[in-house]
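Here is a short briefing for a first look. Have the sequence and the 3D view open side by side.

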Amino acid sequence: VDAVCPPSIMSENAQKKLTGDSELYECKYQDLDIDKKYDLIVFSESIQFIQIKDAFEQCRRYGKKYILIADLFKNDFPEKGPIGGGKPYKDFLQERDNFGFKEVNNIDITEFVAPSFDLEKDAIDNFIKPLVSVFNRILAIKNSLLIKFGMFFYKKNLNKMKTRYLDATDRNSTSFKKYKSYRFILLEIND
């Protein structure tokens, strides 16, 4: 088993856990350049970060038999929706057909993944928001120049997180099911 991961803390941890003949290639998948072929290529929540065409070109180059994808896809809606991530599913299907990959199995597990967004919302409402409120009161009491500088310096990031998570009322399972699908897809590589 070999793996591809851009250099990061995740790749450092993966390197420590690899044993035997396993190899970790620290690069982007689209930049991989090796002389090996694999019976199975697995994308575990990673194809959403690569242009599908680039990913499939590499699959054609390095794959012998199958491609397994476990990932999030965007449903076909004109509006973006409150939950980010994923490639448009229709674009994925088009590229699959363009490359001539045969769909062996396509299991939609959206119904099983969606409740995690209700759990996230509950954790934000009942733990994170009260914690932020206490933190803000402490900051108001301290009134330190260093704290003010930090808040000013990170204002854009803090506001983005506040908008995306703390103020979001529609970041839940219903929205996830409407705007996204989560799938296990097995493709066969045809010559």
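Phe 73 counts as buried because its relative accessibility is 1%, and buried means under 20% relative accessible area, exposed over 50%, partly exposed in between (1.4 Å probe, protein chains only). This is a predicted model: local features need pLDDT of at least 70, side-chain atom pairs count only at pLDDT 80 or more, and totals for chains, interfaces and linings use all residues. Residues are numbered from 1 along each chain as its sequence is written, and side-chain values use heavy atoms, with hydrogens and water left out.

**Confidence**

- The mean pLDDT of the chain is 90, and 99% of the residues score at least 70; pLDDT is the predictor's confidence in each residue, from 0 to 100.
- Confidence is highest in strand E6 (residues 102-108), at a mean of 98, and lowest in helix H6 (residues 145-153), at 74.
- Helices (H or I, at least four residues) and strands (E, at least two) are DSSP runs, numbered from the N terminus.
- Where pLDDT is low, the predicted coordinates should not be read in detail.

**Phe 73**

- Strand E4 (residues 63-74) holds Phe 73.
- Beyond its neighbours within four places in sequence, Phe 73 is in contact with Gly 86, Lys 87, Tyr 89, Phe 92, Tyr 179, Lys 180, Ser 181, Arg 183 and Ile 185; contact means heavy atoms within 4.5 Å.
- Phe 73 and Lys 121 are 48 residues apart along the chain, and their C-alpha atoms are separated by 21 Å.

**Ser 175**

- Ser 175 sits in helix H8 (residues 173-179).
- Ser 175 is buried, with a relative accessible area of 11%.
- Its side chain reaches the backbone oxygen of Asp 170 at 2.5 Å.
- Setting aside neighbours within four places in sequence, the contacts of Ser 175 are Pro 82, Asp 170 and Lys 180.

**Two glutamates**

- Glu 45 lies in the loop between E3 and helix H2 (52-62).
- The phi of Glu 45 is near 55°, a positive value in a residue other than glycine.
- Glu 45 is partly exposed, at 42% relative accessibility.
- Glu 57 is placed in helix H2.
- Glu 57 is also partly exposed, with a relative accessibility of 37%.

**Largest pocket**

- Rolling a probe the size of a water molecule over the atoms shows where empty space is left.
- On a 1 Å grid over the protein atoms alone, a cavity is a set of points where a 1.4 Å probe fits but cannot get out, and a pocket is an open set with protein on both sides within 12 Å along at least five of seven lines; lining residues have an atom within 4 Å of a point.
- Grid points are joined across faces, edges and corners, and a volume is the space filled by probe spheres set on the points.
- The largest pocket holds about 840 Å³ of space.
- It is lined by 29 residues, and the closest to its centre are Ala 3, Val 4, Cys 5, Val 42 and Ser 46.
- Strand E1 (3-4), helix H1 (9-17), strand E2 (24-25) and strand E3 (38-44) each supply at least two lining residues.
- E3 gives the most, with six residues.
- This lining divides into 22 nonpolar, four polar and three charged residues. Ala, Val, Leu, Ile, Met, Phe, Trp, Tyr, Cys and Pro count as nonpolar, Asp, Glu, Lys and Arg as charged, and the others, Gly among them, as polar.

**Second largest pocket**

- About 380 Å³ of space lies in the second largest pocket.
- Of its 14 lining residues, Val 132, Asn 136, Leu 158, Lys 162 and Leu 166 are the closest to the centre.
- H5 and H7 each supply at least two residues of this lining, and the largest share, seven residues, comes from H7.
- By class, the lining has 10 nonpolar, two polar and two charged residues.

**Cavity**

- The whole structure has one cavity of 30 Å³ or more, and the largest cavity has a volume of about 40 Å³.
- Lys 121, Ile 124, Asp 125, Lys 129, Tyr 165, Leu 166, Ala 168 and Arg 171 line the largest cavity.
- Helix H5 (115-142) and helix H7 (155-166) each supply at least two of its lining residues, and H5 gives the most, with four.
- The cavity lining has four nonpolar, no polar and four charged residues.

Methods: Polar contact = N/O pair within 3.5 Å; in protein donor to acceptor, adjacent residues only side chain to side chain.
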